[in-house]
Amino acid sequence: MTLFSKAIAAAWFRGSLAGLVLLVLQGCATAPNTNPRDPWESFNRQVHGFNEGLDEAFVKPVAIAYQDVTPDLLRTGVSNFFGNLSDVWSLVNNVLQLKPKESVETFARVGVNTTIGLAGLFDVATDFNLEKYNEDFGQTLGRWGVPTGPYLVLPLMGPSTLRDTAALPVNWRGNLIGGVDDSVVRYSLTALRVVDLRAGLLRTSRMIDSAALDKYSFTRDAYLQRRRSLIGLNIFDSNSPPEERFDLPEPGNQNAPGGTSKPPQP
Amino acid sequence: MATALGLTLNLTLPLARAAEEAPDELIRRLSMEVLSTIKADKDVQSGDVRKVITFVDSMIMPKVNFSRMTASAIGRSWRQASPEQQKRLQDEFKNLLVRTYAGALSQLQDQTINVKPLRAQAGDTEVIVRTEVLGRGDPIQLDYRMEKTAGGWKIYDLNVLGVWLVETYRTQFAQEISARGIDGLIATLALRNKNGAMTSAGQKKN
């Protein structure tokens with residue numbers, strides 16, 4: 001418990017430190033048409049550019065090579081192994097979020113996969129219909145009402161928010177790889193984890209390349225929505241107010257130019 | 001009306017049934033048809049963009065209010081656009097989406113779709129149909145916003161893994177329009193689609 005509260009304190013300290021540093025940057029970043037969710041856009045864009053360069057030059061080629069060289073079965077085993085470790089941390093966070101069903105299922109997942117699944121190499125639990133509920137400490141903070149704060153792109157790590165950044169040190173503590181004493185093993189496992197994650201995202205990143213007009217704002221808007229939905233906040237539900245229908249003529253102006261109510265059919 | 005008729009003929013369904021079909025039923029039927037088409041059609045599986053566009057036009061677009069979808073992504077400027085500009089925006093936006101998702105279609109082959117129970121009142125004219133794609137790995141959340149029209153229920157936005165499509169394009173479109181106007185956005189989309197065509201042709205050679 002003391003370790004845990006220390007970790008939280010450290011997280012908040014580092015979080016506010018990051019906030020302070022960025023507050024200094026804000027002076028140059030604030031433009032008249034600033035996105036309220038992204039007041040540090042110009043700083044974030046620079047980091048995004050740096051990350052993209054690093055990815056193109058180094059991480060992506062390694063991930064592609066990894067995918068080309070290793071057999072499917074091995075790669076699945078690697079993903080499962082890390083997935084099982086992250087399930088342990090999800091379990092802690094499911095408990096912290098007081099989600100009984102998810103906690104029990106995640107506990108069973110870890111139990112089954114660690115034993116029958118040979119230390120997590122095989123994801124037997126999914127075959128037993130035990131669902132995966134990924135939860136991290138940022139989501140736990142969100143669940144308890146901590147607002148996301150501004151969008152923040154971290155060097156090497158990519159899209160985040162002030163809240164998720166503050167939660168990172170706690171997540172690192174919860175990451176079992178970080179607890180490995182032998183530093184060579186620890187760094188090797190971390191590197192393998194990064195390559196495994198990147199290889200898993202190759203298809204997604206190809207899709208983003210083709211879908212995005214501006215990769216930066218596309219990634220940002222998708223990331224912020226995804227994180228919101230992960231803590232159960234959807235932007236639309238049955239109580240959402242009706243949106244303005246731009247495809248219909250303006251109310252009280254039936255003959256508005258271009259306001260076609262019938263879609264032109266190809 | 002002509003489209004509705006064409007569609008019902010295609011599906012060999014009576015007109016009355018198509019108009020009365022509940023939104024979740026429609027999504028279930030459409031998903032199953034799409035999946036079985038993908039399974040049967042090698043060209044669609046391989047992500048052949050031209051074939052996928054034909055397939056999307058005949059099968060999916062009749063069930064989509066694409067002018068509403070595009071207008072919603074463009075926002076206020078849509079009303080200033082001429083009908084010609086609106087048509088071009090829709091065409092280029094559709095091509096962009098088809099190109100983006102064409103490659104993912106092949107992955108859908110051995111998946112099944114689970115439509116979740118619809119939470120809606122009897123008189124609702126707008127609903128959200130929630131589904132998940134089940135297969136290897138984690139289930140993929142796939143939701144649709146739908147509206148009731150004279151020609152049956154139509155999709156006007158979709159959500160993949162918690163991310164709504166229209167919302168994700170809104171900022172990008174607004175950026176482009178404020179910098180280069182509506183014609184600028186059309187040009188950017190057209191260029192993107194042309195380059196995309198080149199890239200995918202290049203990828204096939206590998």
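**Close-up views of the predicted two-chain model**

**View 1. The open sheet of chain B.** In chain B, 5 strands form an open sheet in the order S1-S2-S3-S4-S5, and their pairing is antiparallel. Strand S1 (112–115) and strand S5 (163–164) of chain B are the edge strands, each of them pairing on one side only. Helix H3 (residues 23–40) of chain B packs on this sheet, where it touches S1, strand S2 (126–134), strand S3 (140–149) and S4 of chain B, and the direction of H3(B) makes about 35° with that of S2(B).

**View 2. Strand S4 of chain B and its two partners.** S3(B) and S4(B) pair in the antiparallel sense over 8 bridges, and these two strands form a hairpin with 2 residues between them. Strand S4 (residues 152–160) of chain B also pairs with S5(B), again in the antiparallel sense, over 2 bridges. B:Val160 can be followed through both pairings, for it is the bridge partner of B:Leu142, while in S5(B) its own bridge partner is B:Val163. The other residue pair to look for is B:Asn159 with B:Trp164, its bridge partner in S5(B). The hairpin of S4(B) and S5(B) has 2 residues between the strands, and there B:Leu161 takes a positive phi near 55°. Of the 9 residues of S4(B), 7 are buried, so the strand is largely enclosed by the rest of the structure.

**View 3. Helices H6 and H7 of chain B.** Helix H6 (residues 66–74) and helix H7 (residues 83–105) of chain B pack with their axes 10 Å apart and at an angle of about 90°. H6(B) is therefore roughly perpendicular to H7(B). On the H6(B) side the contact is made by B:Phe66, B:Ser67, B:Thr70 and B:Ile74, and on the H7(B) side by B:Leu89, B:Gln90, B:Phe93 and B:Lys94. By class, the residues of this contact between H6(B) and H7(B) divide into 4 nonpolar, 3 polar and 1 charged.

**View 4. Helices H2 and H8 of chain A.** In chain A, helix H2 (residues 41–69) and helix H8 (residues 183–200) pack at an angle of about 85°, and their axes are 9 Å apart. The two helices, H2(A) and H8(A), are therefore roughly perpendicular to each other. H2(A) contributes A:Val59, A:Lys60, A:Val62, A:Ala63, A:Tyr66 and A:Gln67 to the contact, and H8(A) contributes A:Val194, A:Val195, A:Arg198 and A:Ala199. The contact of H2(A) with H8(A) has 7 nonpolar, 1 polar and 2 charged residues.

**View 5. The side of chain B that touches chain A.** Here 41 residues of chain B are in contact with 31 residues of chain A. H6, H7, S5 and helix H8 (165–205) of chain B each supply at least two residues of this side of chain B, and H8(B) gives the most to it, with 9 residues. By class, the side of chain B that touches chain A has 12 nonpolar, 17 polar and 12 charged residues. The model as a whole scores ipTM 0.78 and pTM 0.79.

**View 6. Confidence along chain B.** Chain B has a mean pLDDT of 83, with 84% of its residues reaching 70 or more. Confidence in this chain is highest in H6(B), at 95, and lowest in helix H1 (residues 2–11), at a mean of 48. Over residues 5–16 of chain B the pLDDT is below 50, and this stretch has 7 contacts in the model beyond near neighbours in sequence. Over residues 200–206 of chain B the pLDDT likewise stays under 50, and for this stretch the model has 1 contact beyond four places in sequence.

Key: Residues numbered from 1 in each chain as written. Chains lettered and ligands numbered in written order. Predicted model: local features only at pLDDT ≥ 70, side-chain atom pairs only at ≥ 80, totals over all residues. Pairing = 2+ DSSP bridges. Helix = DSSP H or I, 4+ residues; strand = E, 2+ residues; numbered from the N terminus. Contact = placed C-beta atoms within 7 Å. Axes fitted to C-alpha atoms, helices over the stretch in contact; angles between N-to-C directions. Parallel < 35°, antiparallel > 145°, perpendicular 65-115°, else oblique. Nonpolar A, V, L, I, M, F, W, Y, C, P; charged D, E, K, R; others polar. pLDDT = per-residue confidence, 0-100. Buried ≥ 20, exposed ≤ 12 C-beta atoms within 10 Å, placed from the backbone.
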